[in-house]
Amino acid sequence: MGVHQLSRQEARRIAVRAQLLDAARPDGLLDMVHGLTLLQHDQTAAVAPSAHLVAWSRLGPAYSPADLTRALATRELIDLQGLIRPAADLALFRAEMAAWPGDSAWRSQRAQWLEANDACRRDILRRLAADGESAAQDLPDTCAVPWKSTGWTNDRNVLQMLEMMVARGEVAVSSRHRGERRFDLAERVYPDVPAVPAAEAARRRNERRLSALGIARARAAETMIEPNGAGDVGEEAQIEGVRGKWRVDPAQLDQPFEGRVALLSPLDRLIFDRKRMTDLFAFDYQLEMYKPAAKRRWGYWALPILDGDRLVGKVDATADRKAGVLRVDAIHEDEPFDESEVTREIESLAEWLGLDLAGSIAV
């Protein structure tokens with residue numbers, strides 16, 4: 001098989017279709033999460049938490065946040081290191097958990113801290129076994145060596161211990177209450193699925209990721225949890241006018257495409273890898289919630305606008321639940337788009353949120 005030569009439009013359509021953002025909507029939440037492989041937890045609710053926005057963008061008004069709560073409670077979906085995944089996919093992570101910290105230098109440093117506080121780790125296991133699920137703040141801190149960090153995790157010993165125990169497969173997030181995670185023994189939370197051998201699991205995770213992305217670089221900037229690259233799975237591709245080696249899911253080639261208008265979460269996987277977003281869509285966008293208000297160009301939690309295979313603008317909106325309204329402060333137009341279709345999508349978002357629409361929705 002030779003190298004596939006793709007135009008940017010072809011590459012964009014592959015990416016949009018793989019992310020289930022074309023006109024053919026998924027059959028339901030579980031079908032959607034299986035296709036995407038993951039939903040990212042983020043409690044920022046300027047409009048709605050990201051996982052719910054991602055689901056709404058694909059499923060439309062038929063989606064209810066209660067559906068996700070129910071799927072997690074019944075363990076059809078699991079909460080694994082901040083990412084919601086199909087329960088069956090746990091088998092692809094068990095070998096990595098058993099081998100933690102692996103050959104990662106930064107994980108090895110964390111493992112040294114965990115070993116120095118092994119008595120605390122064993123105490124947490126005993127308490128969870130006896131008391132059942134608990135929040136981090138309900139577990140006593142018996143660490144002998146404090147966790148040191150230059151950031152917000154400094155001295156948050158129990159939470160850091162629990163994070164590492166999740167990575168090791170000893171404990172799991174069993175539920176969330178108002179965004180706060182509750183932990184329990186992993187054996188009480190995870191399905192009893194055997195581990196897939198490490199090398200095969202890594203290959204299958206790459207295959208699942210490429211299927212969800214459609215097209216990705218073979219190697220991408222390293223991230224702490226979910227990579228952006230696809231390794232050597234799929235088939236090699238070159239994109240007209242874009243440097244680098246790409247891998248494409250062959251199942252996505254030569255497929256018909258029918259687009260639609262969608263409003264995206266700032267953390268949507270279509271745009272999460274900002275370099276890939278720029279390469280494919282030539283879209284200028286950053287999440288500006290961490291910037292001072294005076295330095296924001298588009299808004300605190302601006303929602304990118306997808307129109308077919310183009311990213312064409314942003315909607316600066318805020319859900320004011322106390323007032324019962326969705327405030328639209330601005331619509332930024334990067335490329336011309338059908339205003340009526342965008343307006344209809346904003347109205348659909350307000351209705352789904354159970355809010356009245358406030359502010360001008362004129363471009």
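This is a predicted model: local features need pLDDT of at least 70, side-chain atom pairs count only at pLDDT 80 or more; totals for chains, interfaces and linings use all residues.
1. **The buried side of helix α4.** Helix α4 spans residues 65-73, and its buried residues are Leu68, Ala71 and Leu72. These residues lie on the same side of α4, because they cover an arc of only 100° around the axis.

2. Thr69 and Ala73 are exposed, and they sit on the face of α4 turned away from its buried side. Which elements cover the buried residues of α4? Among them are the helices α2 (29-36) and α3 (50-59), together with the strands β2 (39-40), β3 (77-80) and β4 (83-86). After α4 comes Arg75, which has a positive phi, near 65°.

3. **Strand β3.** The side chains of a regular strand alternate between the two faces of the sheet. In β3, Leu77 and Asp79 point one way, whereas Ile78 and Leu80 point the other way. Are these four residues of β3 buried or exposed? All are buried, whichever way they point.

4. **The hairpin of β3 and β4.** The strands β3 and β4 run antiparallel and are joined by four bridges. Within this pairing, Leu77 is found opposite Pro86 of β4. The two strands form a hairpin with two residues between them, and Gln81 in the turn has a positive phi of about 55°.

5. **The packing of α1 and α12.** Two packed helices are described by the angle between their axes and the distance between the axes. For α1 (residues 8-18) and α12 (residues 274-281), the axes come within 9 Å and cross at roughly 135°. The helices α1 and α12 are therefore oblique to each other.

6. **The residues where α1 meets α12.** From α1, the residues involved are Arg8, Ala11, Arg12, Ala15 and Val16; from α12, they are Arg276, Asp279, Leu280 and Phe281. By class, this contact of α1 with α12 comprises five nonpolar and four charged residues, with no polar ones.

7. **The loop residue Gly259.** Gly259 is located in the loop between β10 (246-248) and β11 (261-263). Apart from its neighbours within four places in sequence, Gly259 is in contact with Ala23 and Gly308. Gly259 and His34 are 225 residues apart in sequence, and their C-alpha atoms are 21 Å apart in space.

Methods. Residues are numbered from 1 along each chain as its sequence is written. Side-chain values use heavy atoms; hydrogens and water are left out. Contact means heavy atoms within 4.5 Å. Buried means under 20% relative accessible area, exposed over 50%, partly exposed in between (1.4 Å probe, protein chains only). The arc is that of the directions from the helix axis to the C-beta atoms. Two strands pair if DSSP finds at least two bridges between them. Axes are lines fitted to C-alpha atoms, for helices over the stretch in contact, and angles run from 0 to 180 degrees between N-to-C directions. Angles under 35 degrees count as roughly parallel, over 145 as roughly antiparallel, 65 to 115 as roughly perpendicular and the rest as oblique. Ala, Val, Leu, Ile, Met, Phe, Trp, Tyr, Cys and Pro count as nonpolar, Asp, Glu, Lys and Arg as charged, and the others, Gly among them, as polar.
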